[in-house]
Amino acid sequence: MTETGAPARTPVLGSRFRWLWTSSVASNAGDGVTRTLLPLLVVASHPQPLVVAGLTAVNMLPWLLFALPAGVLADRHDRRRILLFSNLTRAAALLAAVGAFAAGTSLAVLFVLSFVLGIAETLAETAAPAMLPDIVASEHLEHANGRLFAPQVILNEMAGPPLAGLLVGVGATLALATGGALYGLAAVLLLGLAGVEAAPRTAPPPGTSAARSMWQDLRTGVSFVLTRTALTRTLAASALYGLVYSATFSMLVLLAYRTLHLHATGYGLLLTVGSVGSVAGTWLAPRLSRRLPTLVMAQWSLILSGAAYVGLGLAGHVVAAGAAIFCNGVFMMSWNIPVLSLRQRFAPPELQGRVMSVSRLCSWGTMPIGAALGGLLARTTSVTTVFVSSGAVLILGSVALLAPLRQDVLTGEQPEPSRVPRQHTDTERGEHDRGTV
């Protein structure tokens, strides 16, 4: 972590980060289009709730099936090539769907497409954060992660859905082709990262089967996480946050309609206010991280996020609800960015992929459970109770999990860095200062 009182000027992240950032912008634009596009295409022909829910489940299933193996692959192979493969796969899948639609598509095609996109996303979302410590210096990870989160929120949650709706209105084939073109552009932009040093490969021991070696690598990655107190406790907190987030988000539409008396437009605006808060958080979190200890910032972000959920549940007016959901977006990023940076800084280069995959599995794997619990609790009590109880659980859980940790555990357990990005020349510094992303 950067020492308290460090200079507040914007860090220089370099040209390699700019290539990764621009590629991330293109792929996130593709995500924003396709995540809204596929449900719209399904609803147009099969408007049954179970069919629409099944599409989402199929898209998320690869995270349960392949998250841990994806981490092993990210540690065995060049992470830039994994990202390249992922974007090319998504581009090819969407362009193939264009042909299928021209010939008269079926529901099965959309489900297969959703599953393929989910597999490719699992690979990309594991390899990209694992590669970031190879590109920027350790003390700039919070700033770099904040820069990457901002377009993700803007394009996935704010710009993508209306763009997808507009494209579907023109024609399904145009919408699919646009998504494919955006992923293709993301792949092309990754070519600018050709000079990034490949991650150390964990080659299978001689005479060991591929399946056995995969299992050994998985055990090594999970064991590394379980023997680091800071990683174990922050991952448990992430799992708790995933439960709370999904439980409340699944009931947000009912809160908007029944309590706040909003309709579709008002609900959409409420979501937009939360997204604006998240964007503000991507700007604020890196700056706070230069002034606050990582664990202090992480714990208070969860506590304040829990308070925001309580406030959202108790809000009887749309203005109060908007303020609560805006603040929650800020606090969510104030948790995500420093904790992700902590994990990147903690793991040695040869284990980055596996640590990232365990992290994703913990935080995203609990979301289906949280959504089910939220629905059951709302059915037996009330929607307001879901928000108030979820916020209270997040506050108490964050204190129980993170309060026992001391800041010195970060230096006491952290391995010595085995790779440091090369220093910039004076010429490069001048170029970076003119065009920092």
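Helices (H or I, at least four residues) are DSSP runs, numbered from the N terminus. The model is predicted, so local features need pLDDT of at least 70 and side-chain atom pairs count only at pLDDT 80 or more, while totals for chains, interfaces and linings use all residues. Residues are numbered from 1 along each chain as its sequence is written, and side-chain values use heavy atoms, without hydrogens and water.

L64 lies in helix α2 (residues 49-76). L64 is exposed, at a relative accessible area of 52%; exposed means over 50% (1.4 Å probe, protein chains only).

The phi of H261 is positive, near 60 degrees, and H261 is not glycine. Most residues other than glycine have a negative phi.

Two packed helices are described by the angle between their axes and the distance between the axes. Axes are lines fitted to C-alpha atoms over the stretch in contact, and angles run from 0 to 180 degrees between N-to-C directions.

| Helices | Angle | Axis distance |
|---|---|---|
| α10 (residues 294-314) and α11 (residues 318-346) | about 155 degrees | 8 Å |
| α3 (residues 79-102) and α4 (residues 107-131) | roughly 160 degrees | within 8 Å |

The angle makes α10 roughly antiparallel to α11, and α3 is roughly antiparallel to α4; the term covers angles over 145 degrees. α10 passes α11 in a left-handed crossing, and α3 passes α4 in a left-handed crossing. A crossing is left-handed if the near helix is turned anticlockwise from the far one by less than a right angle.

Note on methods. Helix = DSSP H or I, 4+ residues; strand = E, 2+ residues; numbered from the N terminus. Buried < 20%, exposed > 50% of the residue type's maximum accessible area, 1.4 Å probe, protein only. Parallel < 35°, antiparallel > 145°, perpendicular 65-115°, else oblique.
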